[in-house]
Amino acid sequence: MSQQRLGLRRLIQIVRRHKLPVGIMVALGLLAGGGYASFNPALVTSTALVLLPQAGQSALNVAGVNPYLETQEVIAKSIPVFVAALPHVRPATSLNKLRLAVEIGSESDDIISVSAKEKSAADAAATANAVAGSYISYTGSESTPGGRVQAQLLQRAANNAEKGRVAELVNYGIYALLGALFGAFLGIVVAAAVGRRDRRLRRRDEIANCIGVPVLAAFPVGHPSSAGKWTSLLEDYKPGALHALQLRNAIKHLEMAAADASPGSGNGRWSCTVLSLSSDPRALGLGPQLAVFAASQGIPTALVIGPQQDAKVTATLRAACAAPPASPERPGPLRLVVSDSDSGTEVPPDVTLAVVVAVVDGRNPHVPATMRTSATLLGVSAGAATADELARVAISAVAGGREITGILVADPDSDDATAGRLPQPVQHAVPRGQRAMPTRVTRIATEIRR
């Protein structure tokens, strides 16, 4: 899986699979953007207008510039004007910062604009009015360079608080959105990197191909964490129509496998072992749910919990099966059998199907000494095991005389459109006196036994 090309569809699947960490990254980015906006609010601009006397204006020069207006703009942003305005600006600031915050322009040939940018509308208005007033006082004195000018305040800078709030909200929204986008980008990058290195199998075709065995059924399973919840599952489990059809086909496969294993026996009894990994607790419910469904179809069924390689995994299930029925709602044909050894397992004689639950260690699998069954199924959850782990379980089963004939998948991935069916090979007649070629797993198991 790690070698697949990372296309858009697979990237979407990986993101959906890791939606929780991606969502956390988006939330963190949103908070970071909002926090940055809180400490760096949008600046609000407020403008005061100063009217110049008509008598002092001069005509435009050849270049189309009014020398008188340019002179007044230079005076308005001179150091004496800013120094005189400093005591009245809000908030208190330095001369250099004040000069950066204030912009002098002209609305027409007889109007000068004084604009100030501050974090609040009130401060911007106070600063603009302070500089405009300082300019009017400075140009109205006799000692002003260029002569006295009787300028007057045409329009005071307004304290537009509503405009400031709108600007603040817009600024907050922009930075929060940018933070969320950046967090989503980081989350997707991390999820893609993790997904490309993830060797666990999720698609049914991948699970089937890794050991060359078809998937018989894939359905959601319960995840009981106590004996009481296991009891509820054994009493109340009812699959949907689609999953019921798959379970019915799986039971038919088990019946056919029993007939092939013991042709002409005619006893009408068949059994299966459902092997799962101790590192995959979700798959533990496959066997019990298969047994409950078979019992609900009128098949006398026994659910057998025998000795396990890891007894802790099946401890609550064993306790639920060992306890007496808490209510008469449990399907009548279902029998619960618990044993501590292969020889001590006694299945009632009226049972037609026995489902044995067995759990092995994926790293060092060893099939426990449970009762012998006519078929062995591998139970695995989507995204819970690697190809190497499943191959080791299959080899261990074959080495113990139990060849896996089918796979049950728990909690299949919603994005998985595959069926887990293997292509049917062309059948060639085997000449009399020759044996069929063994499968790859069988050959490896034979070598291990030697």
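I count two strands as paired if DSSP finds at least two bridges between them. With that settled, I opened the model, which is a predicted one.

**Entry 1, strand β6.** I looked up β6, residues 270-277, and its partners. β6 runs parallel to β10, with 4 bridges between them; one spot I checked was T273, whose bridge partner in β10 is T376. β6 also pairs with β9 (residues 353-360), again in the parallel sense, over 8 bridges. There, S276 has V359 as its bridge partner.

**Entry 2, burial of β6.** Is β6 enclosed or open? I found 8 of its 8 residues buried, so the strand is largely enclosed by the rest of the structure. Side chains in a regular strand alternate between the two faces of the sheet. I therefore went through β6 face by face, using under 20% relative accessible area as the cut-off for buried. One side has W270, C272, V274 and S276, the other S271, T273, L275 and L277, and all of them are buried.

Next I went to β10, residues 375-381, where S381 sits. S381 comes out at 0% relative accessibility, so I logged it as buried. What does S381 touch, leaving aside neighbours within four places in sequence? My list reads L201, D280, R282, A283 and A410.

Last, I turned to β1, residues 44-51, which pairs with β3 (residues 111-118) in the antiparallel sense over 8 bridges. In that pairing I noted S46 opposite A116. β1 is also antiparallel to β4 (residues 152-155), over 3 bridges, and L51 has Q152 as its bridge partner there.

Definitions and conventions:
Residues numbered from 1 in each chain as written. Predicted model: local features only at pLDDT ≥ 70, side-chain atom pairs only at ≥ 80, totals over all residues. Heavy atoms only, no water. Buried < 20%, exposed > 50% of the residue type's maximum accessible area, 1.4 Å probe, protein only. Contact = heavy atoms within 4.5 Å.
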